[in-house]
Amino acid sequence: MIGFLKGKVEYIFIDYCLLDVGGVGYRVFVSNNTRARLRQGQAAMLFTHLSVREDAMQLYGFSTQEEYDLFQLLIAISGIGPKVAMGIIGSITPEGLAQAVQNKNVKALIALPGIGKKSAERMILELKDKLTFSGNDDDIQHVGGLFGESQVGEDILSEATAALISLGYSQAEVNTAFQNMGKIDPESDVQNVIKLALKQLSRR
């Protein structure tokens, strides 16, 4: 079992990075949050999980112990695999997830990528004693809700976020830009979302 990898970040892609560890390049799948902390050409340490299937072996990496622990809790739930877990981690803050679970907010959970009503109910049942948060539903920060009342798809949001981060912006800067954009056309494509975000970022 590989507990962590420490090396030089050679390349950063939309959902994974290539980490040079002693001359060996490891492909490590990462969440939006972890990717935002990586810098090409710089050293990084990632807590890792090795997923073994009949047709593939994949490494998932996390820049913080908190994110790694949350990933482990999610994949322990029936019906939630590594890819769905990564989508969840990239779509809602740990605090927001804990709050949705504690308040039994099924609506917030089924808004997450790959989660239906049954999966949401299983999450509440299995995580209620493992995640704690004090507050109310008004404080839940769902990445998909950064556009206010618009219904921009999660896939478009994720692609736009990845593109902006690849341009050198941080996750926090991207989130702020999205929040300042307000309501936009739900039919907007990735390029349009990126253009609108860049307008906000240029005003910094």
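**Reading a barrel and its aromatic cluster**

Q: How many helices and strands are there in the protein chain?
A: There are nine helices and five strands in the protein chain. Keep in mind that this is a predicted model. Going along the sequence, the pattern reads β-β-β-α-β-β-α-α-α-α-α-α-α-α.

Q: In what order do the five strands close into a barrel?
A: General idea to begin with: strands of a sheet pair through backbone hydrogen bonds, either parallel or antiparallel. Here the order around the barrel is β1-β2-β3-β5-β4, with mixed pairing. From one strand to the next, the twist averages 55°.

Q: How many bridges join strand β4 to strand β5?
A: Six, between β4 (residues 43-52) and β5 (residues 57-62), and these two run antiparallel. If you want a spot to look at, take T48: its bridge partner in β5 is G61.

Q: Which strands does helix α2 touch as it packs on the sheet?
A: Helix α2 (residues 65-75) touches β4 and β5, and its direction makes about 10° with that of β4. Helix α3 (residues 82-89) packs on the sheet too, touching β3 (24-30), β4 and β5; the direction of α3 makes about 20° with that of β5.

Q: On to the rings. How many aromatic pairs does a search of the whole structure find?
A: Seven. In general, a pair of aromatic rings is described by the distance of the centres and the angle of the planes. Take F29 and Y60: their centres are 5.6 Å apart and their planes are at 35°, so the pair is tilted. The pair links distant parts of the chain, with F29 in strand β3 and Y60 in strand β5, 31 residues apart.

Q: Are F29 and Y60 buried or exposed?
A: Both are buried. Another tilted pair is F62 with F71, 4.8 Å centre to centre and 45° between the planes. F62 and F71 are buried as well.

Q: Which residues form one aromatic cluster?
A: Y11, F13, Y16, F29, Y60, F62, Y68 and F71. Have a look at Y16 while you're there: the charged end of R27 sits over its ring, 4.6 Å from the centre.

Q: What about backbone angles: what is phi of K104 near?
A: It is near 55°, a positive value in a residue other than glycine. You'll find K104 in the loop between α4 (94-102) and α5 (106-110). Since exposed means over 50% relative accessible area, K104 counts as exposed, because its value is 60%.

Q: And what share of the 204 residues count as buried?
A: For the protein chain, 43%. The chain exposes about 11,000 Å², and carbon and sulfur atoms supply 50% of that.

How values were computed: Residues numbered from 1 in each chain as written. Predicted model: local features only at pLDDT ≥ 70, side-chain atom pairs only at ≥ 80, totals over all residues. Heavy atoms only, no water. Pairing = 2+ DSSP bridges. Helix = DSSP H or I, 4+ residues; strand = E, 2+ residues; numbered from the N terminus. Axes fitted to C-alpha atoms, helices over the stretch in contact; angles between N-to-C directions. Contact = heavy atoms within 4.5 Å. Buried < 20%, exposed > 50% of the residue type's maximum accessible area, 1.4 Å probe, protein only. Areas by Shrake-Rupley, 256 points an atom, 1.4 Å probe, with all protein chains shown as cover. Phe/Tyr/Trp six-rings, centres within 6.5 Å; stacked < 30°, edge-to-face > 60°. Lys NZ or Arg CZ within 6 Å of the ring centre and 35° of its normal.
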